[in-house]
Amino acid sequence: MPRDYYEVLGLERSATLQQIKSAYRKLAVRHHPDRNPGDSGAEEKFKEAAAAYAVLSDPEKRRRYDRFGHQAAPSGGGFDPSTFADFSDILGDVFGDIFGNRAGGRRRRAGADLRYDLPLSFEEAAFGVAPKLRIPRLEHCDTCGGNGSAPGSGPTACRVCHGRGQVQFSQGFFSVARTCPDCRGTGTVIRDPCVDCGGRGLTERQRSIQVRVPAGVDSGSRLRLPGEGEHGRHGGPPGDLFVVIDVEPHERFVRRGADVLSSVTVGYPQAVLGCTMEVETIHGTSSLKVPPATEHGSTFLLKSQGIPRVDGRGRGNHIVEVRLEVPAPRDLSERELEHVRALAELNEDGHGTAGAATREARSVLDRVIAFFTGSGQKTGPADGAKRAERSSEA
Ligand SMILES: [Zn+2]
Ligand SMILES: [Zn+2]
């Protein structure tokens, strides 16, 4: 017959949960096998304290123990394997703090983190969306409650490590603790595996989860959903779910951070005289004043017409680039061509610097045309052209 649990922990029967915890911690630290290698007396005391704690720290088990004594405990002499979990948590706390070796005493492993790549349209990323995702993940098996044993049976303490999850090796003066190879650190073995999960304690399920994606996310943004990852083995806590955003490109808009870029085309007359244009932004249309003498490639800012910042601090801007459209002669009507020719003749008559500027522009245009039609290739690559320029300067 085991010793009375209160006696083991040195407590009155009226002890509070806090007193039980602290008494157990004291004993666990004093008698822990890592600190008393090869001392079987200490090991026995350690296990005795753990068994007492396992029962007295659980209100339901304690009530039963108070009424029926050791007869109340389930099979296995009062060492209920289902409390291993809490037990290891306490140990993890105690020894994690004292020896700085958290991994050593852990029996429950957290489940794996999951990654879900979520493609979003340009607008969904800009304004936010709440899609329902279907996540395949490992969850605790309902049949066995996650412990991996067939109903009616339960995991039993590992015989190799006596439920500690670790085994001791002596190397010279040192004693080294290692994860038990038999139970792989869990401290328990499954004699009669659950048929539904094959003893893993986990089954694959489709989890449906609604994710609120805030406005302003961009490609590469990661949303972390704590606890939505896979469940851990042996009742271990779940991992996290990471939703990684991938924003599809837009036909007309380019995104740069919270700013949106787009372009408008104007003809030569509008560029010279200036005009007012309707510009499409993600918030609708906005009016843009193009000033006279606007050059090709000029940019204009539509303030706060961009994407909401993901931190909620206002919006980015919409940046409009003005492109000068130069039509091909065949795309112009005879009347338009007449006007263009008239304009060219007017300029070639040489109205001071304006005429010179136009001639220069025409020679630039000629070179551009030559390049695109391929006739420029005959004079050789860009290098050759540079050399020719240099020699003409000399
Ligand atoms: Zn199962
Ligand atoms: Zn073991």
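Gln-71 sits in the loop that links α4 (59–68) to α5 (84–99); helices (H or I, at least four residues) and strands (E, at least two) are DSSP runs counted from the N terminus. Gln-71 counts as exposed because it has 10 C-beta neighbours inside 10 Å. For that label, a residue is buried if 20 or more other C-beta atoms lie within 10 Å of its own, exposed if 12 or fewer, and partly exposed in between, with C-beta atoms placed from the backbone. Gln-71 and Met-1 are 70 residues apart in sequence, yet their C-alpha atoms are 9.8 Å apart in space.

A word on the ground rules: this is a predicted model, in which local features need pLDDT of at least 70 and side-chain atom pairs count only at pLDDT 80 or more, while totals for chains, interfaces and linings use all residues. Residues are numbered from 1 along each chain as its sequence is written, and chains are lettered from A and ligands numbered from 1 in the order in which they are written.

**The chain as a whole**

The chain holds 11 helices and 15 strands. Buried residues account for 26% of its 394 residues. Two residues are in contact if their C-beta atoms, placed from the backbone, lie within 7 Å. Among contacts between residues at least 6 apart in sequence, 59% join residues at least 24 apart.

**Two nonpolar cores**

In soluble globular proteins, nonpolar side chains tend to be buried together. Here a nonpolar core means a set of buried Ala, Val, Leu, Ile, Met, Phe, Trp, Tyr and Cys residues joined through C-beta atoms within 7 Å. Which members of the largest nonpolar core touch the most others? They are Leu-9, Tyr-24, Ala-49, Ala-52 and Tyr-53, out of 18 residues in that core. Two or more residues each come from α1 (5–9), α2 (17–31) and α3 (40–56), and the largest share, 9 residues, belongs to α3. Leaving aside residues up to four places away in sequence, Ala-49 touches Val-8, Leu-9, Tyr-24, Leu-27, Ala-28 and His-31. Apart from this core lies another, of 9 residues, including Ala-126, Val-247, Ala-258 and Ile-307.

**How α2 meets α3**

Two packed helices are described by the angle between their axes and the distance between the axes. For α2 and α3, the angle is about 160 degrees and the axes are 9 Å apart. Axes are lines fitted to C-alpha atoms, for helices over the stretch in contact, and angles run from 0 to 180 degrees between N-to-C directions. That angle makes α2 roughly antiparallel to α3, since angles under 35 degrees count as roughly parallel, over 145 as roughly antiparallel, 65 to 115 as roughly perpendicular and the rest as oblique. Their crossing is left-handed, a term used if the near helix is turned anticlockwise from the far one by less than a right angle.

On the α2 side, Ile-20, Tyr-24, Leu-27, Ala-28 and His-31 take part; they meet Ala-42, Lys-45, Phe-46, Ala-49, Tyr-53 and Leu-56 of α3. By class, this contact has 9 nonpolar residues, 1 polar and 1 charged. Ala, Val, Leu, Ile, Met, Phe, Trp, Tyr, Cys and Pro count as nonpolar, Asp, Glu, Lys and Arg as charged, and the others, Gly among them, as polar.

Leu-138 is part of strand β2 (residues 132–140) and counts as buried because it has 22 C-beta neighbours inside 10 Å. Beyond four places in sequence, Leu-138 touches Gly-111, Leu-202, Thr-203, Glu-204, Glu-230 and His-231.

Pro-151 lies in the loop between β2 and β3 (156–157) and is exposed, with 12 C-beta neighbours inside 10 Å. Glu-248 occupies the loop between β9 (241–247) and β10 (254–256). Glu-248 touches Pro-119, Leu-120, Ser-121 and Phe-122, not counting residues up to four places away in sequence.

Here are C-alpha distances for some pairs from these regions.

| Pair | Apart in sequence | C-alpha to C-alpha |
|---|---|---|
| Leu-138 and Glu-230 | 92 residues | 5.0 Å |
| Pro-151 and Val-195 | 44 residues | 9.4 Å |
| Glu-248 and Pro-119 | 129 residues | 6.9 Å |

**Positive phi angles**

Most residues other than glycine have a negative phi, and most peptide bonds are trans. Arg-184, however, has a positive phi near 50 degrees, and its place is the loop between β5 (174–179) and β6 (188–189). Ser-304 also has a positive phi, of about 60 degrees, in the loop between β14 (299–302) and β15 (318–324).
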